[in-house]
Amino acid sequence: MHTIGISISRDRISAVALDGSTPAAPRIAAAVSVPCAEPFGAADAAALAEALREALPGGSLTGAVVTLPPALTFLRPMTLPVTDLPRARAIHLAELEGTLPIEDEEILSDLLPSPNDGSGFFVAVAARRSLVESASEHFAAAGIRVDRVVTDPVALLLLASETAGAPRDGVYLSAFDDILLLRVSGGGVTAARQFPRTMADRPEEILEAIREAAGVIGGAPRAVFLIGETPAPMAVALPDAERIPLPEGVSAAHPAAYGAALAPLRPGVGGGFSLRTSAEAALEKERDRRWKMVTGI
């Protein structure tokens, strides 16, 4: 059984297929990428599907998780009057309405895992409904069933976990496509920022955000972890940061797709994050129907 992760960037669509027979140490079965004719264009899904079929002869291209880059999403920290994720999910959309540069009915959003400190603090990641639906339709037309759409912060959390357990406390920095920063505590996200990759050449603002996120706790600053390819000016400015290595076979073009492929194998790490598409809702309805038939409920 393969799990497939797909990432969309400005100029490429990448995919990583994992052999999920050993979830604790999944084997990379294929890693491919194709150029986009247009920036962030999922219209080239057919070329990606062809490359995957060549790398996975006889394999069925199902069960894909697609991750969207920072440039296509919106981060919004919020404090809600509830502390548990299910109730927070149910009410957080009302907090987003009128705060994003898109129409309210166009918002698809979910919440990243939150800290267990009783504060009610959450980070929402939202995207345009039409964009998510269109991308899912392109992949479906190419023969790739999309089970879930996530975002790069979720892919970063999955890579940070290293195993199925929670990520270590600290500040995580990635440059999958744009620059993404997460502060993690107790498995929950306590701060999140994203920056255009062009800022990496003059990273003063990014470095200031890292210093602010690292802060000082228990008399010492939080650890800083680097995942993926780090632009040289930032790597030089962070000599004490710990680099989390990617598995052999995952190139600089593939880390976000690899993180997305881990989603079905590490269900607790991302808190079940999903930008719910019509296809996913239909799939969930079918699963529920089958369950009722089996159980007689």
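This is a predicted model: local features need pLDDT of at least 70, side-chain atom pairs count only at pLDDT 80 or more; totals for chains, interfaces and linings use all residues.
**Close-up 1. The lining of the second largest cavity has 6 nonpolar, 2 polar and 1 charged residues.** Leu 173, Ser 174 and Ala 175 belong to its lining, together with Ile 179.

**Close-up 2. Ten residues, with Arg 148 and Arg 266 among them, line the largest cavity.** The space inside comes to about 40 Å³. Val 154 and Leu 158 take part in the lining, as do Ala 263, Pro 267 and Phe 273. Gly 270, Gly 271 and Gly 272 also line this cavity. Sorted by class, the lining holds 5 nonpolar, 3 polar and 2 charged residues. Since Gly counts as polar here, the three glycines supply the polar share of this lining. If you are keeping a tally, the model has 2 cavities of 30 Å³ or more.

**Close-up 3. Tyr 172 and Phe 225 form a stacked aromatic pair.** How many aromatic pairs does the model contain? The count is 1. The ring centres of Tyr 172 and Phe 225 lie 4.7 Å apart with their planes at 20°, and the pair is stacked because planes under 30 degrees apart count that way. Tyr 172 sits in strand β9 (residues 170-174), while Phe 225 sits in strand β12 (residues 224-227), so the pair ties together parts that are 53 residues apart in sequence.

**Close-up 4. Three strands make an open sheet in the order β5-β7-β6.** The pairing in this sheet is antiparallel. Which strands form the edges? They are β5 (74-79) and β6 (107-111), each pairing on one side only. On average, neighbouring strands are turned by 30° against each other, with direction ignored.

**Close-up 5. Strands β6 and β7 pair in the antiparallel sense, and a helix packs on their sheet.** The pairing of β6 with β7 (residues 121-128) runs over 5 bridges. For a residue-level landmark, look for Leu 108, which stands opposite Ala 127 in β7. Helix α2 (residues 85-96) packs on the sheet and touches β5, β6 and β7. The direction of helix α2 makes about 145° with that of β6.

Key. Residues are numbered from 1 along each chain as its sequence is written. Side-chain values use heavy atoms; hydrogens and water are left out. On a 1 Å grid over the protein atoms alone, a cavity is a set of points where a 1.4 Å probe fits but cannot get out, and a pocket is an open set with protein on both sides within 12 Å along at least five of seven lines; lining residues have an atom within 4 Å of a point. Grid points are joined across faces, edges and corners, and a volume is the space filled by probe spheres set on the points. Two strands pair if DSSP finds at least two bridges between them. Helices (H or I, at least four residues) and strands (E, at least two) are DSSP runs, numbered from the N terminus. Axes are lines fitted to C-alpha atoms, for helices over the stretch in contact, and angles run from 0 to 180 degrees between N-to-C directions. Contact means heavy atoms within 4.5 Å. Rings of Phe, Tyr and Trp (its six-membered ring) pair if their centres lie within 6.5 Å; planes under 30 degrees apart count as stacked, over 60 as edge-to-face and the rest as tilted.
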